Amino acid sequence: MGKFYAVKRGRQTGIFTSWPDCQKQVSGFPNARFKSFTDKTAALNWLNAESSTTQPSTNVKKAAIQVYTDGGSRNHGNKLGQHVKSDDKAAWAYLINTPTGSYEESGGEYGSTNNRMEIMAFLQALKKLLALGLNHEPLEFVLDSRYVLDSLTKGWLTSWQRRNWRKADGNAVLNKELWQEVATLLPNFSIPYYTWTKGHANNPGNNRVDYLLNQTMDQM
């Protein structure tokens, strides 16, 4: 009988069906949390029970390097839920704070959704970290996007890959090409932490990336 490995804290979380796959997520990961089961339902129950009692931390002192990402868009329609138009402005930004200096960048495009820009910000930050050679350092990613955070920490990304980039309801994953790039780059990072912060509040790093992306849209 095969085993099911539930990973609560690791590079990627979720249910894995082989020890080598599980080991990739937890080996060398600080305070990794995982458990093996002979029954998939039991594994899911353990994972979900653990998840329901754990709230994203707002403590950004776990790592010497903090990475802030944010995305936004300006739908010039007046009604909630109105479709994004081709000339609506959208932008992303990241800020990387290290003990020796900071790096920031922002970019924009027209006709994109807020979620797409949130993914783009995270993706561009990953690329910059790789270019700086910081991918094996402990990194604290601070995001205000529950969508991106949950995709990374609740096993959504892993599940999408297994289902050939389809969601549980059978529909195609939106922004698939961006998520595919993220999935390709993430295994290069040894010690990533993920933290949620409330947007437009009192987090200086989050406020900075929000300022950068709005500045970009102002200049478009």
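**Entry 1: helix H3.** I began with helix H3, residues 114-132, which has 19 residues and reaches 27 Å from its first C-alpha to its last, close to the 27 Å expected at 1.5 Å a residue. I kept in mind from the outset that I was reading a predicted model. I then looked up which residues of H3 are buried, and found Arg116, Met117, Glu118, Ile119, Met120, Ala121, Phe122, Leu123, Gln124, Ala125, Leu126 and Leu129 listed there. Just after H3 I came to Gly133, and I noted that this glycine takes a positive phi of about 75°.

**Entry 2: the sheet of 5 strands.** I next traced the open sheet whose 5 strands follow the order E6-E5-E4-E7-E8, and I recorded its pairing as mixed. At the edges I found strand E6 (101-110) and strand E8 (191-196), each of which pairs on one side only. From one strand to the next, the twist of this sheet averages 15°.

**Entry 3: E4 beside E7.** How do strands E4 and E7 run, parallel or antiparallel? I found that strand E4 (residues 65-74) and strand E7 (residues 138-143) run parallel and are joined by 5 bridges. For one residue I wrote down the partner as well: Thr69 has Leu143, in E7, as its bridge partner.

**Entry 4: helices on that sheet.** Returning to H3, I saw that this helix packs on the sheet and touches E4, strand E5 (89-98), E6, E7 and E8, while its direction makes about 150° with that of E4. Helix H4 (residues 146-153) also packs on the sheet, where I found it touching E7 and E8, and the direction of H4 makes about 140° with that of E8.

**Entry 5: the sheet of 3 strands.** I then turned to another open sheet, in which 3 strands stand in the order E2-E1-E3 with antiparallel pairing. Why is one side of E2 and of E3 left without a neighbour in the sheet? Strand E2 (14-16) and strand E3 (33-37) stand at the edges and each has a single partner strand, so one side of each is left without a neighbour there. Here I noted a twist that averages 25° from one strand to the next.

**Entry 6: E1 and its surroundings.** Looking at strand E1 (residues 4-9), I found that 3 bridges join it to E2 and that these two strands run antiparallel. I also looked up Ala6, whose bridge partner in E2 is Ile15. Lastly I followed helix H1 (residues 19-26), which lies across E1, E2 and E3 and runs at about 10° to E1.

Technical notes
Residues numbered from 1 in each chain as written. Predicted model: local features only at pLDDT ≥ 70, side-chain atom pairs only at ≥ 80, totals over all residues. Heavy atoms only, no water. Pairing = 2+ DSSP bridges. Helix = DSSP H or I, 4+ residues; strand = E, 2+ residues; numbered from the N terminus. Axes fitted to C-alpha atoms, helices over the stretch in contact; angles between N-to-C directions. Contact = heavy atoms within 4.5 Å. Expected span 1.5 Å × (residues − 1). Buried < 20%, exposed > 50% of the residue type's maximum accessible area, 1.4 Å probe, protein only.
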